[in-house]
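Dear colleague,

Please find the structure below, with its sequence. The notes that follow set out what was found in it.

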Amino acid sequence: MPDYVERSNFIELAGPFQQWPELQCPRCRRSVLEADVQSFENVRSIEARLGDEVWDGWTEGYFHGTLSCARTPCGNKYVVVGDWRKRSRSLPDQDDFLDDPHLAGFSVRHILPPLPVVPFPNRTPEDLRSLVQSASSVLLSDTSAAANRMRSAVECLLDAKKVRRLPPGKRGAKYRLNTDRRIREFASENNKVAELLMAIKWIGNAGSHESRPLSLSVVLDGIELFAHAIHLLYDDTGAALHRRAARINRRRGPDHRSTAPRGPAT
């Protein structure tokens, strides 16, 4: 199965990390995004460090800045914010402190605009793209909210495929079919995709009802399943290749007119 989601990018950005990950520019795909950030210590950390109680040696705060494509012709840029935490060597009575002073490091919480998380086929409806990008915008700050937005994307996809919301002959919200029922109805048309949507729905439910935030890995699982569903439904690359093969077979050879290199324009 193709890697529809660049999981490692988001896992690295969630941190904590000491060196900024080398993220390929999503726009030009020919260079990396370079970080330029400023950081400051928060009030709680300062009070703990300067207070009467024994300080544990940890300082923490926030950072803000930009991620910019290293290629001047591209000009792609993102705003990035997050938090940091590190261990100081200046602990009282610990001259032999051996821990790395940058043991914890940075954790990204928001990137604007959201980093692309799914490579959409051209035929993908715009409202589906928007919902997935909305999930990406909170993926590093609120994983449960991201899972909920992916559940909404399932409903949106069912709408796009004209799966009914109400039973025949019924009107009103009290008769509205729930997501589970709509997915099961869609299964009669496309069982493979319905299986994927059902799994995403369960992840979204967990995001809504579990008291603990979902792990980033679990939410990325849901996004990856959704990306596969999108490609099964809207990616016509395979069909185009089959049509090309059919033309070659009908001709019993290649069509040289379509593959010959063109001369210089005049």
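A salt bridge is counted when a side-chain nitrogen of Lys or Arg lies within 4 Å of a carboxyl oxygen of Asp or Glu. Please note that this is a predicted model, in which local features need pLDDT of at least 70 and side-chain atom pairs count only at pLDDT 80 or more, while totals for chains, interfaces and linings use all residues. Residues are numbered from 1 along each chain as its sequence is written, and side-chain values use heavy atoms, with hydrogens and water left out.

Salt bridges

Side chains of opposite charge can pair when their charged atoms come close. By the rule above, the structure has 14 salt bridges. One of them joins E185 to R181, with 3.4 Å from N to O. Both residues belong to helix α5 and stand four residues apart, about one turn of the helix; helices here are DSSP runs of H or I with at least four residues, strands are runs of E with at least two, and both are numbered from the N terminus. E185 is partly exposed at 22% relative accessibility, and R181 is partly exposed at 33%. For these terms, buried means under 20% relative accessible area, exposed means over 50%, and partly exposed is in between (1.4 Å probe, protein chains only).

Which parts of the chain does the salt bridge between R7 and E224 tie together? The N to O distance in this pair is 3.0 Å. R7 lies in helix α1 (residues 7–14) and E224 in helix α7, so the bridge connects parts that are 217 residues apart in sequence. Both R7 and E224 are buried.

K201 and D180 form a further salt bridge, their closest N and O atoms being 2.9 Å apart. This pair links helix α6 (residues 191–209), which holds K201, with helix α5 (residues 179–187), which holds D180, across 21 residues. K201 is buried, at a relative accessible area of 3%.

The nonpolar core

In soluble globular proteins, nonpolar side chains tend to be buried together. A nonpolar core is a set of buried Ala, Val, Leu, Ile, Met, Phe, Trp, Tyr and Cys residues joined through side-chain atoms within 4.5 Å. The largest such core has 61 residues, among which L197 and F226 touch the most other members. Helix α7 (residues 216–234) gives the largest share of this core, ten residues. Leaving aside neighbours within four places in sequence, F226 is in contact (heavy atoms within 4.5 Å) with residues including L128, M150, L157, L197 and I200.

Pocket and cavity

On a 1 Å grid over the protein atoms alone, a cavity is a set of points where a 1.4 Å probe fits but cannot get out, and a pocket is an open set with protein on both sides within 12 Å along at least five of seven lines; lining residues have an atom within 4 Å of a point. Grid points are joined across faces, edges and corners, and a volume is the space filled by probe spheres set on the points.

The largest pocket holds about 210 Å³ of space. It is lined by 16 residues, of which E6, N9, R29, P116 and V117 are the closest to its centre.

There is one cavity of 30 Å³ or more, and the largest cavity holds about 60 Å³. Strand β4 supplies the largest share of its lining, three residues.

Yours sincerely
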